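Welcome, and thanks for taking a look at this one with me. Could you open the structure beside this note and follow along point by point?

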Amino acid sequence: MNAKDYPILYVDDDNANRVVMKHNLGGEFTLLCADSGAQALELMSREPVSILLADQRMPGMSGVDLAERTLRLHPEIVRVIITAYSDLEATIDAINRGRVSRFIKKPWTREELTAVMQESILSCHNARMVKELQQRLAQIDRASTMTVMASAIAHDLRQPLSYLEVELNTLRRDVSELVRKRSLLAHVLPELGPLVDRVSGSTEDIEHGLRKLMVISEAMVASLRNQEARAPIDLCKVVQSAVTLTRSTVHARAVFDVDLPEQPITVHASEGRLLQLIVNLLLNAAQAITGPGPALKYHVTLRLQAAPGAVTLSVADTGCGIPSERIDQIFAPFFTTKGSQGTGLGLAICKQIVEELGGTIGVESTVGQGSCFRVKLPAQ
Ligand SMILES: Nc1ncnc2c1ncn2[C@@H]1O[C@H](COP(=O)(O)OP(=O)(O)O)[C@@H](O)[C@H]1O
Ligand SMILES: [Mg+2]
(Lines give C-alpha, C1' and ligand atoms only; values in the text may rest on other atoms or scores of the structure.)
(Ligands and ions follow the chains in the order given, each with its own letter.)
Protein backbone atom coordinates (compact mmCIF):
# COMPACT_ATOMS: atom_id res chain seq x y z
CA MET A 1 0.00 0.00 0.00
CA ASN A 2 1.35 3.40 -1.00
CA ALA A 3 0.01 6.36 1.04
CA LYS A 4 0.34 8.61 -2.02
CA ASP A 5 -2.40 6.58 -3.79
CA TYR A 6 -4.95 7.93 -1.28
CA PRO A 7 -5.36 11.68 -1.85
CA ILE A 8 -6.21 13.89 1.12
CA LEU A 9 -8.36 16.99 0.57
CA TYR A 10 -7.66 19.70 3.14
CA VAL A 11 -10.32 22.40 3.52
CA ASP A 12 -9.64 25.64 5.41
CA ASP A 13 -10.57 29.25 4.62
CA ASP A 14 -7.30 30.48 6.16
CA ASN A 15 -4.47 30.59 3.62
CA ALA A 16 -1.76 30.47 6.30
CA ASN A 17 -3.21 27.20 7.64
CA ARG A 18 -3.18 25.70 4.14
CA VAL A 19 0.50 26.60 3.73
CA VAL A 20 1.31 24.99 7.10
CA MET A 21 -0.61 21.86 6.14
CA LYS A 22 1.20 21.56 2.79
CA HIS A 23 4.47 21.79 4.65
CA ASN A 24 3.44 19.07 7.12
CA LEU A 25 1.68 16.54 4.86
CA GLY A 26 2.80 17.42 1.33
CA GLY A 27 5.90 15.20 1.37
CA GLU A 28 4.49 11.92 2.60
CA PHE A 29 0.93 12.19 1.20
CA THR A 30 -0.90 13.47 -1.88
CA LEU A 31 -2.48 16.69 -0.65
CA LEU A 32 -5.19 18.77 -2.38
CA CYS A 33 -6.47 22.03 -0.88
CA ALA A 34 -9.76 23.94 -0.98
CA ASP A 35 -10.67 27.23 0.70
CA SER A 36 -14.38 26.51 1.31
CA GLY A 37 -16.91 23.73 1.62
CA ALA A 38 -18.35 24.62 -1.78
CA GLN A 39 -14.96 24.40 -3.47
CA ALA A 40 -14.27 21.12 -1.69
CA LEU A 41 -17.53 19.57 -2.94
CA GLU A 42 -16.76 20.70 -6.45
CA LEU A 43 -13.27 19.16 -6.25
CA MET A 44 -14.58 15.86 -4.86
CA SER A 45 -17.02 15.56 -7.75
CA ARG A 46 -14.22 15.52 -10.32
CA GLU A 47 -11.06 14.27 -8.55
CA PRO A 48 -10.57 11.01 -6.68
CA VAL A 49 -10.36 11.86 -2.96
CA SER A 50 -9.87 9.29 -0.19
CA ILE A 51 -9.82 11.52 2.88
CA LEU A 52 -11.55 14.78 3.69
CA LEU A 53 -9.66 16.80 6.30
CA ALA A 54 -11.70 19.90 7.15
CA ASP A 55 -11.49 22.70 9.65
CA GLN A 56 -14.68 22.93 11.73
CA ARG A 57 -14.86 26.76 11.83
CA MET A 58 -15.39 28.05 8.30
CA PRO A 59 -17.73 30.75 7.03
CA GLY A 60 -20.64 29.45 4.95
CA MET A 61 -20.34 25.73 5.56
CA SER A 62 -18.83 24.29 8.75
CA GLY A 63 -16.55 21.24 8.70
CA VAL A 64 -19.29 19.03 10.16
CA ASP A 65 -21.83 20.26 7.58
CA LEU A 66 -19.34 19.53 4.82
CA ALA A 67 -18.71 16.05 6.28
CA GLU A 68 -22.45 15.41 6.32
CA ARG A 69 -22.81 16.35 2.64
CA THR A 70 -19.74 14.32 1.74
CA LEU A 71 -21.22 11.28 3.46
CA ARG A 72 -24.32 11.59 1.30
CA LEU A 73 -22.48 12.21 -1.99
CA HIS A 74 -19.30 10.13 -1.56
CA PRO A 75 -19.84 7.69 1.32
CA GLU A 76 -16.48 5.99 0.68
CA ILE A 77 -14.49 9.11 1.67
CA VAL A 78 -13.14 9.05 5.26
CA ARG A 79 -14.08 12.32 7.00
CA VAL A 80 -11.76 13.96 9.57
CA ILE A 81 -12.49 17.26 11.33
CA ILE A 82 -9.95 19.62 12.90
CA THR A 83 -11.61 21.29 15.81
CA ALA A 84 -10.88 23.76 18.60
CA TYR A 85 -11.77 22.88 22.20
CA SER A 86 -14.81 25.16 22.08
CA ASP A 87 -16.35 23.23 19.13
CA LEU A 88 -15.56 19.80 20.48
CA GLU A 89 -19.15 19.00 21.42
CA ALA A 90 -20.53 19.52 17.89
CA THR A 91 -17.78 17.31 16.47
CA ILE A 92 -18.29 14.51 18.99
CA ASP A 93 -22.01 14.61 18.29
CA ALA A 94 -21.26 14.32 14.55
CA ILE A 95 -18.98 11.34 15.22
CA ASN A 96 -21.67 9.62 17.26
CA ARG A 97 -24.14 10.11 14.44
CA GLY A 98 -21.70 8.60 11.94
CA ARG A 99 -21.12 11.78 9.93
CA VAL A 100 -17.47 12.19 10.91
CA SER A 101 -14.98 9.32 11.21
CA ARG A 102 -12.28 10.97 13.36
CA PHE A 103 -11.30 14.33 14.81
CA ILE A 104 -8.07 16.17 15.56
CA LYS A 105 -8.00 18.69 18.39
CA LYS A 106 -6.25 22.02 17.95
CA PRO A 107 -3.40 22.66 18.49
CA TRP A 108 -2.22 19.46 16.80
CA THR A 109 1.30 18.10 16.50
CA ARG A 110 2.76 16.80 13.28
CA GLU A 111 3.07 13.26 14.73
CA GLU A 112 -0.57 13.25 15.78
CA LEU A 113 -1.75 14.49 12.39
CA THR A 114 0.40 12.00 10.45
CA ALA A 115 -0.80 9.13 12.65
CA VAL A 116 -4.48 10.01 12.07
CA MET A 117 -3.89 10.31 8.31
CA GLN A 118 -2.12 6.93 8.18
CA GLU A 119 -4.93 5.28 10.12
CA SER A 120 -7.53 6.86 7.82
CA ILE A 121 -5.66 5.68 4.75
CA LEU A 122 -5.50 2.18 6.18
CA SER A 123 -9.27 2.11 6.67
CA CYS A 124 -9.75 3.41 3.11
CA HIS A 125 -7.44 0.71 1.83
CA ASN A 126 -9.31 -2.00 3.76
CA ALA A 127 -12.67 -0.77 2.49
CA ARG A 128 -11.33 -0.85 -1.07
CA MET A 129 -10.08 -4.43 -0.60
CA VAL A 130 -13.42 -5.56 0.84
CA LYS A 131 -15.21 -4.02 -2.13
CA GLU A 132 -12.88 -5.73 -4.60
CA LEU A 133 -13.35 -9.06 -2.86
CA GLN A 134 -17.12 -8.64 -2.91
CA GLN A 135 -16.97 -7.94 -6.63
CA ARG A 136 -14.87 -11.03 -7.24
CA LEU A 137 -17.25 -13.18 -5.21
CA ALA A 138 -20.16 -11.78 -7.22
CA GLN A 139 -18.32 -12.78 -10.40
CA ILE A 140 -17.69 -16.29 -9.10
CA ASP A 141 -21.38 -16.56 -8.20
CA ARG A 142 -22.42 -15.39 -11.67
CA ALA A 143 -20.06 -17.81 -13.36
CA SER A 144 -21.36 -20.73 -11.29
CA THR A 145 -24.99 -19.67 -11.89
CA MET A 146 -24.42 -19.54 -15.62
CA THR A 147 -22.80 -22.97 -15.49
CA VAL A 148 -25.86 -24.44 -13.76
CA MET A 149 -28.17 -22.96 -16.40
CA ALA A 150 -25.96 -23.94 -19.31
CA SER A 151 -25.70 -27.53 -18.12
CA ALA A 152 -29.51 -27.73 -17.82
CA ILE A 153 -29.82 -26.63 -21.44
CA ALA A 154 -27.09 -29.00 -22.57
CA HIS A 155 -29.10 -31.72 -20.83
CA ASP A 156 -32.25 -30.60 -22.72
CA LEU A 157 -30.37 -30.94 -25.99
CA ARG A 158 -29.60 -34.60 -25.40
CA GLN A 159 -33.20 -35.68 -26.03
CA PRO A 160 -33.71 -34.14 -29.50
CA LEU A 161 -30.24 -35.36 -30.40
CA SER A 162 -31.08 -38.95 -29.50
CA TYR A 163 -34.37 -38.74 -31.46
CA LEU A 164 -32.39 -37.48 -34.37
CA GLU A 165 -30.04 -40.41 -34.17
CA VAL A 166 -32.93 -42.92 -34.11
CA GLU A 167 -34.67 -41.26 -37.05
CA LEU A 168 -31.49 -41.06 -39.08
CA ASN A 169 -30.87 -44.76 -38.50
CA THR A 170 -34.36 -45.51 -39.82
CA LEU A 171 -33.68 -43.35 -42.83
CA ARG A 172 -30.39 -45.07 -43.50
CA ARG A 173 -32.04 -48.49 -43.28
CA ASP A 174 -34.92 -47.48 -45.56
CA VAL A 175 -32.63 -45.98 -48.13
CA SER A 176 -30.45 -49.08 -48.27
CA GLU A 177 -33.61 -51.20 -48.60
CA LEU A 178 -34.63 -48.96 -51.46
CA VAL A 179 -31.36 -49.47 -53.16
CA ARG A 180 -31.49 -53.22 -52.65
CA LYS A 181 -35.13 -53.85 -53.65
CA ARG A 182 -36.57 -51.33 -56.05
CA SER A 183 -39.95 -53.05 -55.53
CA LEU A 184 -40.19 -51.75 -51.93
CA LEU A 185 -40.47 -48.19 -53.17
CA ALA A 186 -44.26 -48.06 -52.82
CA HIS A 187 -44.15 -49.17 -49.19
CA VAL A 188 -41.31 -46.90 -48.00
CA LEU A 189 -42.05 -43.63 -49.77
CA PRO A 190 -45.10 -42.53 -47.69
CA GLU A 191 -43.01 -42.92 -44.51
CA LEU A 192 -40.24 -40.66 -45.71
CA GLY A 193 -42.19 -37.37 -45.49
CA PRO A 194 -43.16 -37.57 -41.77
CA LEU A 195 -39.70 -38.89 -40.95
CA VAL A 196 -38.05 -35.88 -42.50
CA ASP A 197 -40.49 -33.66 -40.56
CA ARG A 198 -39.49 -35.28 -37.31
CA VAL A 199 -35.83 -34.85 -38.12
CA SER A 200 -36.28 -31.17 -38.86
CA GLY A 201 -38.34 -30.78 -35.63
CA SER A 202 -35.43 -32.15 -33.68
CA THR A 203 -32.95 -29.86 -35.38
CA GLU A 204 -35.20 -26.91 -34.52
CA ASP A 205 -35.19 -27.95 -30.85
CA ILE A 206 -31.43 -28.16 -30.94
CA GLU A 207 -31.16 -24.78 -32.57
CA HIS A 208 -33.48 -23.32 -29.95
CA GLY A 209 -31.31 -24.75 -27.18
CA LEU A 210 -28.16 -23.42 -28.76
CA ARG A 211 -29.69 -19.96 -29.02
CA LYS A 212 -30.48 -20.08 -25.30
CA LEU A 213 -26.91 -21.15 -24.59
CA MET A 214 -25.72 -18.13 -26.53
CA VAL A 215 -27.99 -15.80 -24.55
CA ILE A 216 -26.50 -17.21 -21.38
CA SER A 217 -22.92 -16.90 -22.51
CA GLU A 218 -23.53 -13.34 -23.69
CA ALA A 219 -25.12 -12.48 -20.33
CA MET A 220 -22.10 -14.02 -18.63
CA VAL A 221 -19.62 -12.07 -20.70
CA ALA A 222 -21.56 -8.84 -20.07
CA SER A 223 -21.71 -9.40 -16.34
CA LEU A 224 -18.04 -10.34 -16.14
CA ARG A 225 -17.27 -7.05 -17.84
CA ASN A 226 -19.02 -5.57 -14.84
CA GLN A 227 -21.77 -3.57 -16.47
CA GLU A 228 -23.03 -2.44 -13.16
CA ALA A 229 -24.09 1.15 -13.66
CA ARG A 230 -27.43 2.07 -12.11
CA ALA A 231 -30.23 3.41 -14.30
CA PRO A 232 -34.03 3.51 -14.24
CA ILE A 233 -35.17 0.10 -15.51
CA ASP A 234 -38.39 -1.86 -15.80
CA LEU A 235 -38.31 -4.63 -13.20
CA CYS A 236 -40.90 -6.68 -15.17
CA LYS A 237 -38.49 -6.91 -18.10
CA VAL A 238 -35.63 -8.09 -15.88
CA VAL A 239 -37.93 -10.70 -14.33
CA GLN A 240 -38.85 -11.91 -17.83
CA SER A 241 -35.17 -12.30 -18.76
CA ALA A 242 -34.54 -14.22 -15.54
CA VAL A 243 -37.50 -16.49 -16.31
CA THR A 244 -36.20 -17.15 -19.84
CA LEU A 245 -32.74 -17.99 -18.54
CA THR A 246 -33.95 -20.38 -15.81
CA ARG A 247 -36.93 -21.96 -17.57
CA SER A 248 -35.15 -25.20 -18.50
CA THR A 249 -33.75 -25.71 -15.03
CA VAL A 250 -37.04 -25.01 -13.27
CA HIS A 251 -39.18 -27.05 -15.70
CA ALA A 252 -37.00 -30.10 -15.18
CA ARG A 253 -38.24 -30.21 -11.59
CA ALA A 254 -41.47 -28.25 -11.23
CA VAL A 255 -44.36 -26.37 -12.77
CA PHE A 256 -43.22 -22.77 -13.21
CA ASP A 257 -45.90 -20.15 -12.42
CA VAL A 258 -45.12 -16.51 -13.13
CA ASP A 259 -47.42 -13.70 -12.08
CA LEU A 260 -46.42 -10.22 -13.33
CA PRO A 261 -48.36 -6.96 -13.32
CA GLU A 262 -49.35 -5.46 -16.68
CA GLN A 263 -47.79 -2.03 -16.18
CA PRO A 264 -44.02 -1.46 -15.95
CA ILE A 265 -42.39 -1.03 -12.53
CA THR A 266 -39.49 1.40 -12.57
CA VAL A 267 -36.59 0.84 -10.18
CA HIS A 268 -33.26 2.63 -10.12
CA ALA A 269 -30.75 -0.22 -10.22
CA SER A 270 -28.15 -2.11 -12.22
CA GLU A 271 -29.84 -4.51 -14.61
CA GLY A 272 -27.07 -7.10 -14.29
CA ARG A 273 -27.23 -7.13 -10.50
CA LEU A 274 -31.03 -7.45 -10.45
CA LEU A 275 -30.87 -10.30 -12.94
CA GLN A 276 -28.33 -12.03 -10.72
CA LEU A 277 -30.65 -11.62 -7.71
CA ILE A 278 -33.73 -13.09 -9.39
CA VAL A 279 -31.85 -15.91 -11.15
CA ASN A 280 -30.25 -16.93 -7.83
CA LEU A 281 -33.61 -17.14 -6.06
CA LEU A 282 -35.16 -19.14 -8.93
CA LEU A 283 -32.28 -21.61 -9.13
CA ASN A 284 -32.35 -22.14 -5.37
CA ALA A 285 -36.11 -22.76 -5.61
CA ALA A 286 -35.59 -25.36 -8.37
CA GLN A 287 -32.73 -26.99 -6.49
CA ALA A 288 -34.90 -27.23 -3.34
CA ILE A 289 -37.19 -29.69 -5.12
CA THR A 290 -35.55 -32.93 -4.16
CA GLY A 291 -38.60 -35.12 -3.48
CA PRO A 292 -39.72 -38.12 -5.57
CA GLY A 293 -42.34 -38.10 -8.31
CA PRO A 294 -42.86 -36.11 -11.49
CA ALA A 295 -42.22 -32.37 -11.95
CA LEU A 296 -46.02 -31.87 -12.21
CA LYS A 297 -46.30 -32.51 -8.45
CA TYR A 298 -44.18 -29.46 -7.55
CA HIS A 299 -44.44 -25.71 -8.03
CA VAL A 300 -42.08 -22.75 -8.30
CA THR A 301 -44.01 -19.48 -8.20
CA LEU A 302 -42.64 -16.04 -8.96
CA ARG A 303 -44.83 -13.06 -8.14
CA LEU A 304 -44.23 -9.35 -8.57
CA GLN A 305 -46.52 -6.89 -6.79
CA ALA A 306 -46.34 -3.11 -6.87
CA ALA A 307 -47.56 -0.77 -4.14
CA PRO A 308 -47.01 3.02 -4.05
CA GLY A 309 -43.27 3.61 -3.65
CA ALA A 310 -42.40 -0.06 -3.18
CA VAL A 311 -42.36 -3.36 -4.98
CA THR A 312 -42.40 -6.92 -3.63
CA LEU A 313 -40.88 -9.82 -5.49
CA SER A 314 -41.55 -13.27 -4.09
CA VAL A 315 -40.13 -16.62 -5.16
CA ALA A 316 -41.90 -19.58 -3.57
CA ASP A 317 -41.29 -23.29 -3.96
CA THR A 318 -42.95 -26.47 -2.71
CA GLY A 319 -39.54 -28.03 -2.08
CA CYS A 320 -37.69 -29.40 0.92
CA GLY A 321 -37.95 -26.29 3.14
CA ILE A 322 -35.36 -24.98 5.59
CA PRO A 323 -35.11 -26.06 9.25
CA SER A 324 -35.68 -23.04 11.53
CA GLU A 325 -32.26 -23.36 13.19
CA ARG A 326 -30.64 -22.95 9.75
CA ILE A 327 -32.55 -19.84 8.64
CA ASP A 328 -30.00 -17.51 10.24
CA GLN A 329 -27.10 -19.18 8.44
CA ILE A 330 -28.30 -19.31 4.85
CA PHE A 331 -27.46 -15.67 4.04
CA ALA A 332 -23.87 -16.07 5.27
CA PRO A 333 -21.18 -16.31 2.55
CA PHE A 334 -20.04 -19.88 1.81
CA PHE A 335 -22.90 -21.53 3.72
CA THR A 336 -24.19 -24.36 1.56
CA THR A 337 -25.91 -27.70 2.07
CA LYS A 338 -25.22 -28.72 -1.53
CA GLY A 339 -21.65 -29.96 -1.06
CA SER A 340 -19.48 -29.46 -4.12
CA GLN A 341 -22.59 -28.55 -6.17
CA GLY A 342 -23.01 -25.28 -4.25
CA THR A 343 -20.84 -22.25 -3.61
CA GLY A 344 -22.84 -20.79 -0.75
CA LEU A 345 -22.50 -17.39 -2.37
CA GLY A 346 -25.94 -16.96 -3.94
CA LEU A 347 -27.95 -15.70 -1.00
CA ALA A 348 -25.07 -13.68 0.47
CA ILE A 349 -24.88 -11.81 -2.83
CA CYS A 350 -28.67 -11.49 -3.07
CA LYS A 351 -28.65 -9.83 0.36
CA GLN A 352 -25.85 -7.49 -0.67
CA ILE A 353 -27.65 -6.49 -3.89
CA VAL A 354 -30.94 -5.86 -2.08
CA GLU A 355 -29.32 -3.84 0.70
CA GLU A 356 -27.36 -1.71 -1.77
CA LEU A 357 -30.72 -0.72 -3.22
CA GLY A 358 -32.15 0.16 0.20
CA GLY A 359 -34.42 -2.90 0.27
CA THR A 360 -34.91 -5.97 2.46
CA ILE A 361 -34.91 -9.73 1.89
CA GLY A 362 -36.59 -12.32 4.10
CA VAL A 363 -37.72 -15.92 4.04
CA GLU A 364 -40.54 -18.04 5.46
CA SER A 365 -40.13 -21.76 5.32
CA THR A 366 -41.61 -25.03 6.57
CA VAL A 367 -39.65 -28.26 6.34
CA GLY A 368 -41.28 -30.63 3.89
CA GLN A 369 -43.65 -27.97 2.53
CA GLY A 370 -41.46 -25.34 0.92
CA SER A 371 -40.04 -21.84 1.22
CA CYS A 372 -40.91 -18.34 0.14
CA PHE A 373 -38.23 -15.66 -0.32
CA ARG A 374 -39.57 -12.12 -0.31
CA VAL A 375 -37.64 -9.09 -1.60
CA LYS A 376 -38.93 -5.56 -0.97
CA LEU A 377 -37.43 -2.75 -3.02
CA PRO A 378 -38.09 0.97 -3.20
CA ALA A 379 -39.70 1.81 -6.59
CA GLN A 380 -40.62 5.00 -8.40
N1 LIG B 1 -35.55 -22.21 -1.78
C2 LIG B 1 -34.80 -22.87 -0.86
N3 LIG B 1 -35.28 -23.96 -0.23
C4 LIG B 1 -34.54 -24.63 0.67
N5 LIG B 1 -33.27 -24.28 1.03
C6 LIG B 1 -32.74 -23.20 0.44
C7 LIG B 1 -33.45 -22.43 -0.53
N8 LIG B 1 -32.66 -21.41 -0.94
C9 LIG B 1 -31.51 -21.53 -0.26
N10 LIG B 1 -31.54 -22.62 0.57
C11 LIG B 1 -30.47 -23.04 1.49
O12 LIG B 1 -29.53 -22.00 1.64
C13 LIG B 1 -28.23 -22.45 1.30
C14 LIG B 1 -27.42 -21.31 0.72
O15 LIG B 1 -27.92 -20.89 -0.55
P16 LIG B 1 -26.99 -20.12 -1.55
O17 LIG B 1 -26.36 -18.99 -0.81
O18 LIG B 1 -27.78 -19.79 -2.76
O19 LIG B 1 -25.83 -21.14 -1.89
P20 LIG B 1 -25.89 -22.51 -2.72
O21 LIG B 1 -27.15 -22.49 -3.54
O22 LIG B 1 -24.65 -22.47 -3.56
O23 LIG B 1 -25.88 -23.60 -1.69
C24 LIG B 1 -28.46 -23.60 0.35
O25 LIG B 1 -27.37 -24.50 0.32
C26 LIG B 1 -29.73 -24.23 0.94
O27 LIG B 1 -29.41 -25.06 2.04
MG1 LIG C 1 -27.78 -20.83 -4.68
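1. A word on the model and its numbering. This is a predicted model, in which local features need pLDDT of at least 70 and side-chain atom pairs count only at pLDDT 80 or more, while totals for chains, interfaces and linings use all residues. Residues are numbered from 1 along each chain as its sequence is written, and chains are lettered from A and ligands numbered from 1 in the order in which they are written.

2. Domains. The domain assignment gives domain 1 (3–108), domain 2 (135–226) and domain 3 (229–380); such bounds come from an automatic or database domain assignment. The centres of domain 2 and domain 3, taken over C-alpha atoms, are 30 Å apart. Their contact takes 17 residues from domain 2 and 15 residues from domain 3, where two residues are in contact if their C-beta atoms, placed from the backbone, lie within 7 Å.

3. The side of domain 2 that touches domain 3. Here α5 and α6 (185–224) each supply at least two residues. Helices (H or I, at least four residues) and strands (E, at least two) are DSSP runs, numbered from the N terminus. Which helix gives the most to this side of domain 2? That is α5, with 12 residues. By class, this side of domain 2 has 11 nonpolar, 3 polar and 3 charged residues. For the classes, Ala, Val, Leu, Ile, Met, Phe, Trp, Tyr, Cys and Pro count as nonpolar, Asp, Glu, Lys and Arg as charged, and the others, Gly among them, as polar.

4. Helices α5 and α9. Helix α5 (residues 110–180) packs against helix α9 (residues 346–356) at an angle of about 125°, and their axes are 10 Å apart. Axes are lines fitted to C-alpha atoms, for helices over the stretch in contact, and angles run from 0 to 180 degrees between N-to-C directions. That angle makes α5 oblique to α9: angles under 35 degrees count as roughly parallel, over 145 as roughly antiparallel, 65 to 115 as roughly perpendicular and the rest as oblique. The crossing of α5 past α9 is left-handed; a crossing is left-handed if the near helix is turned anticlockwise from the far one by less than a right angle, and right-handed if clockwise. Gln134, Leu137, Ala138 and Asp141 of α5 meet Gly346, Ile349 and Gln352 of α9.

5. Ligand 1. Of the 21 residues around ligand 1, Asn284, Ala288, Thr336, Gly342 and Gly346 come nearest; a residue is near a molecule if its C-beta atom, placed from the backbone, lies within 6 Å of it. By class, the shell has 9 nonpolar, 10 polar and 2 charged residues.

6. Helices α7 and α8. The axes of helix α7 (residues 235–251) and α8 come within 9 Å and cross at roughly 30°, so α7 and α8 are roughly parallel to each other. The crossing is right-handed. Among the α7 residues in this contact are Val238, Ala242 and Leu245, and those of α8 include Leu275, Ile278 and Leu282. The contact divides into 12 nonpolar, 3 polar and 1 charged residues.

7. Helices α2 and α3. Helix α2 (residues 37–46) and helix α3 (residues 63–73) pack at about 25°, with axes 10 Å apart, and are therefore roughly parallel to each other. Here α2 passes α3 in a right-handed crossing. Gly37, Ala40, Leu41 and Met44 of α2 make the contact with Asp65, Leu66, Arg69 and Thr70 of α3.

8. Two backbone details. Where is proline 107? Proline 107 sits in the loop between β5 (102–105) and α5, and a cis peptide bond, with omega about -10°, joins lysine 106 to proline 107. Phenylalanine 334, in the loop between β10 (310–317) and α9, has phi near 75°, a positive value in a residue other than glycine.
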